[in-house]
Amino acid sequence: MQGIWRKPDCSLSELCTQLRNELSKGKFLLVLDDVWELKWWEKKVEGTLMMGVMGSNILMTSRNKNVSYGMHASYMHELREFSFDQSWELFLKEALREGQTEEDLMMHKIRDVGKRIVRKCGGLPLVIKTVGSMMHTKKMHTEDWKFVEGSKIWEWKMPAAEIGGKFFQ
């Protein structure tokens, strides 16, 4: 499939034609990660990908159930959000350096700030892991941790975060 990517100014229609030709040659597994909306799928891509060889599969991830329904998913596996205790445990694993414990957070008076940061992660393991990894690079100073807690990024509303008609914060 390397030939598909040689033409940088290729239109979606041309790309779909080339992709259809390649996909008709054999089975494939296509992974579409973190899909937010269906517009691109419904136009030309759906017809292109559905013309693949029998036995081909598309694995798609999304936090929006409507995307799965719209793509006529044959199977949907819904991941549950972490409880606060699970979230806190994962955060500590990522944020603390070797030899550090929750006691170190209490000693530096940042445990409560850390817990508020974890609550803002909404029980989403990838968010918790990412934020925890970032906190791993910070010093155990109240100012550093409060800066992250007060960041405007927590106010962003993203389509992928829409769950049940409500936006995650």
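**Helix packing and an aromatic cluster**

Tutor: In this predicted model, the buried residues of H6 pack against H4, H7 and H8.

Student: Which residues of H6 are buried?

Tutor: Val 113, Gly 114, Ile 117 and Val 118 are the buried residues of H6. They cover an arc of only 140° around the axis, which puts them on the same side of H6.

Student: What follows H6?

Tutor: Gly 122 follows H6, and its phi is positive, near 65°.

Student: What makes the buried residues of H7 line one face of the helix?

Tutor: Ile 128, Val 131, Gly 132 and Met 135 are buried in H7. Down the axis of H7, the buried residues fall within an arc of 105°, so they line one face. Their cover includes H4, helix H6 (111–120) and H8.

Student: Why is Trp 88 called buried?

Tutor: Buried means under 20% relative accessible area. Trp 88 has a relative accessible area of 8%, so Trp 88 is buried. Its place is in helix H4.

Student: Which residues does Trp 88 touch, not counting those up to four places away in sequence?

Tutor: Trp 88 touches Glu 102, Leu 105, Arg 111, Gly 114, Lys 115 and Val 118. Lys 115 also lies over the face of Trp 88, at 5.5 Å from the ring centre. For a charge to sit over a ring, the NZ atom of Lys must be within 6 Å of the ring centre, and 5.5 Å meets that distance limit.

Student: How many aromatic pairs are there?

Tutor: The count comes to 3 aromatic pairs. One of them joins Trp 88 and Phe 91, and this pair is stacked.

Student: Why is the pair of Trp 88 and Phe 91 called stacked?

Tutor: Rings pair if their centres lie within 6.5 Å, and planes under 30 degrees apart count as stacked. The ring centres of Trp 88 and Phe 91 are 5.7 Å apart and the planes are at 20°, so the pair is stacked. Trp 88 and Phe 91 are 3 residues apart in helix H4 (residues 84–95), a separation of about one helical turn. An α-helix has 3.6 residues a turn, so residues three or four places apart point the same way.

Student: What makes the pair of Phe 91 and Trp 145 edge-to-face?

Tutor: Planes over 60 degrees apart count as edge-to-face. The planes of Phe 91 and Trp 145 are at 90° and the ring centres are 6.0 Å apart, so the pair is edge-to-face. Phe 91 is in helix H4 and Trp 145 is in helix H8 (residues 142–149), so the pair ties together parts that are 54 residues apart in sequence. Both Phe 91 and Trp 145 are buried.

Student: Which residues do the ring pairs link into a cluster?

Tutor: Phe 84, Trp 88, Phe 91 and Trp 145 form the cluster. The charged end of Arg 119 sits over the ring of Phe 84, 4.3 Å from its centre.

Student: Why does His 72 count as exposed?

Tutor: Exposed means over 50% relative accessible area. His 72 is at 61%, so His 72 counts as exposed. His 72 lies in the loop between helix H3 (65–70) and H4. Its phi is near 55°, a positive value in a residue other than glycine. Most residues other than glycine have a negative phi.

Student: Why does Lys 109 count as exposed?

Tutor: The cut-off is again over 50%. Lys 109 is at 69%, so Lys 109 counts as exposed. Lys 109 is found in the loop between helix H5 (102–107) and H6, and its phi is positive, near 60°.

Student: What does the side chain of Ser 56 reach?

Tutor: The side chain of Ser 56 reaches the backbone nitrogen of Phe 28 at 3.1 Å. A polar contact needs N or O atoms within 3.5 Å, and 3.1 Å meets that limit. Ser 56 is in the loop between helix H2 (39–49) and strand S2 (57–60).

Student: How many helices and strands does the protein chain have?

Tutor: The protein chain has 8 helices and 4 strands. Of its 169 residues, 30% count as buried.

Notes: Residues are numbered from 1 along each chain as its sequence is written. This is a predicted model: local features need pLDDT of at least 70, side-chain atom pairs count only at pLDDT 80 or more; totals for chains, interfaces and linings use all residues. Side-chain values use heavy atoms; hydrogens and water are left out. Helices (H or I, at least four residues) and strands (E, at least two) are DSSP runs, numbered from the N terminus. A polar contact is a pair of N or O atoms within 3.5 Å; within protein, one must be able to donate a hydrogen and the other to accept it, and residues adjacent in sequence count only if both atoms are side-chain atoms. Buried means under 20% relative accessible area, exposed over 50%, partly exposed in between (1.4 Å probe, protein chains only). A charge sits over a ring if NZ of Lys or CZ of Arg is within 6 Å of the ring centre and within 35 degrees of the ring normal. The arc is that of the directions from the helix axis to the C-beta atoms. Contact means heavy atoms within 4.5 Å.
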